Amino acid sequence: MGAGMSSGRRPSFYGGGGGGGGVGRPRGMLPLLALQVLLEYGRAGASRPPVTAALLAANALLYLRPGSLDALLPSLNRVAFNPHLIIHYCDLTRFFLSAFYHLSETHFFFNMSSLLWKGIQLETSMGSVEFASMVAALLGMSQGITLLLSKGLLLFGNDEAYYDQYAVGFSGVLFGMKVVLNAWSDDYVFLHGVVIPAKYAAWAELLLIQAFIPGTSLIGHLGGILAGLAYLWLKRSFSGPDPLSLLISGIAKAVRWPVGFVQKLFRSGRPQGYTPSRGRVGRGSARENGRGIWRCSACTYDNSPSTDICEMCSSAREDHAFSRRQHLQAGGNGEPSVEEIRRRRLERFSR
């Protein structure tokens with residue numbers, strides 16, 4: 001959740017509208033955001049975490065709505081997070097998509113700058129699969145906790161948060177990410193002249209945002225903090241990879257398998273020096289030599305262990321040549337002579 005407004009029972013988005021991601025945006029801060037992304041992902045030795053980049057791209061596409069996407073994507077009015085509409089109509093579009101929409105360029109810029117900074121640190125330390133699992137978990141839990149908080153306030157007689165509030169933005173997930181990022185930190189942060197431990201920075205930021213920007217969604221941001229705490233509790237309570245991480249990893253492997261298979265087909269090709277139906281010429285592996293395959297010293301052709309005559313150039317096998325001649329002179333055991341093998345080979349190739 002990022003910004004939330006209330007105006008009776010109808011959404012009001014700072015001047016109306018709802019077709020695009022924001023209303024009356026001057027576009028002055030977007031080049032600055034693009035520069036930040038370029039500096040982080042373009043510098044030498046950068047880790048370039050892919051999930052963070054994908055989240056930035058998804059938010060940017062939904063905000064900018066380029067070309068024909070503007071007509072295909074739902075409007076801001078259609079996706080704004082409203083607890084009453086989500087629960088009463090089971091509106092999953094509002095539940096999930098509201099996090100990826102933004103009201104204005106300023107709203108979009110600060111959320112994406114925060115996502116860039118937090119996402120790179122978390123994904124680099126956690127790994128892409130676990131980071132993607134965490135983002136999905138924080139998204140679902142922050143939105144769900146916000147619904148529960150709104151419903152709870154309704155039971156206590158406060159119906160404004162349940163019926164009247166319409167909110168959008170990625171801030172709920174970002175607050176959860178801040179909790180996870182600073183959970184085990186011993187550092188201190190400086191917020192408006194006050195030095196506080198980093199692990200309490202999310203709570204301090206929640207109060208400061210509400211004090212200076214009262215139009216934001218308090219319960220949306222609070223839901224994000226509680227989602228971060230719940231995620232940490234679940235990670236401590238259940239050791240090993242979570243089922244969502246295993247699911248994402250399995251999906252990633254399933255997507256990569258066809259690509260890897262095609263790459264293997266193109267890479268395998270025919271090895272250098274390979275002749276169909278005639279063995280190999282050149283250097284052979286130890287495994288081949290271990291099976292009894294011997295190499296002709298004259299043409300380097302790899303021959304079958306069942307013959308002592310090179311099938312390529314008819315040279316005798318050097319290490320068996322002397323014993324072979326003695327065996328033939330002694331009468332042998334009925335095996336064909338050298339001339340017979342040569343004649344059979346010529347007949348085979350002349351067919």
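This is a predicted model: local features need pLDDT of at least 70, side-chain atom pairs count only at pLDDT 80 or more; totals for chains, interfaces and linings use all residues.
The protein chain has 16 helices and 6 strands. Of its 351 residues, 36% are buried. The accessible surface comes to about 19,900 Å², and carbon and sulfur atoms account for 62% of that area. Among contacts between residues at least 6 apart in sequence, 66% join residues at least 24 apart.

Helix H10 covers residues 171-182. H10 is mostly covered, with 11 of its 12 residues buried; among them are Val173, Leu174, Phe175 and Met177. The cover over these buried residues includes helices H7, H8, H11 and H12.

Lys178 forms a salt bridge with Glu205, with the closest N and O atoms 3.2 Å apart. Lys178 is in H10 and Glu205 in H11, so the pair links distant parts of the chain, 27 residues apart. Lys178 counts as buried because its relative accessibility is 13%, whereas Glu205, at 25%, counts as partly exposed.

The whole structure holds 6 salt bridges. Side chains of opposite charge can pair when their charged atoms come close. In another of these pairs, Arg78 meets Asp91 at 3.0 Å, N to O. Arg78 lies in helix H4 and Asp91 in the loop between helices H5 and H6, so the pair ties together parts that are 13 residues apart in sequence. Asp91 is buried, with a relative accessible area of 11%. Salt bridges that share partners join Arg78, Asp91 and Arg94 into one network. Arg65 and Asp70 also form a salt bridge, at 2.7 Å between the closest N and O atoms. Arg65 is buried at 6% relative accessibility, and Asp70 is partly exposed at 39%.

The surface also has a nonpolar patch of about 400 Å², made by Leu32, Leu35, Leu38 and Leu39. Leu38 lies in helix H1, residues 30-42, and is exposed because its relative accessible area is 57%.

Among the strands, S3 (residues 188-191) and S4 (residues 194-197) pair in the antiparallel sense over 4 bridges. Tyr188 has Pro197 of S4 as its bridge partner. The two strands form a hairpin with 2 residues between them, and His192 in the turn has a positive phi of about 50 degrees.

How values were computed:
Residues are numbered from 1 along each chain as its sequence is written. Side-chain values use heavy atoms; hydrogens and water are left out. Two strands pair if DSSP finds at least two bridges between them. Buried means under 20% relative accessible area, exposed over 50%, partly exposed in between (1.4 Å probe, protein chains only). Contact means heavy atoms within 4.5 Å. Accessible areas come from the Shrake-Rupley method with a 1.4 Å probe; for residues, only the protein chains shown count as cover. Patches are made of residues with over 30% relative accessible area and no salt bridge: like charges are joined within 9 Å, nonpolar side chains (Val, Leu, Ile, Met, Phe, Trp, Tyr) within 5 Å. A salt bridge is a side-chain nitrogen of Lys or Arg within 4 Å of a carboxyl oxygen of Asp or Glu. The expected span of a helix is 1.5 Å times one less than its number of residues.
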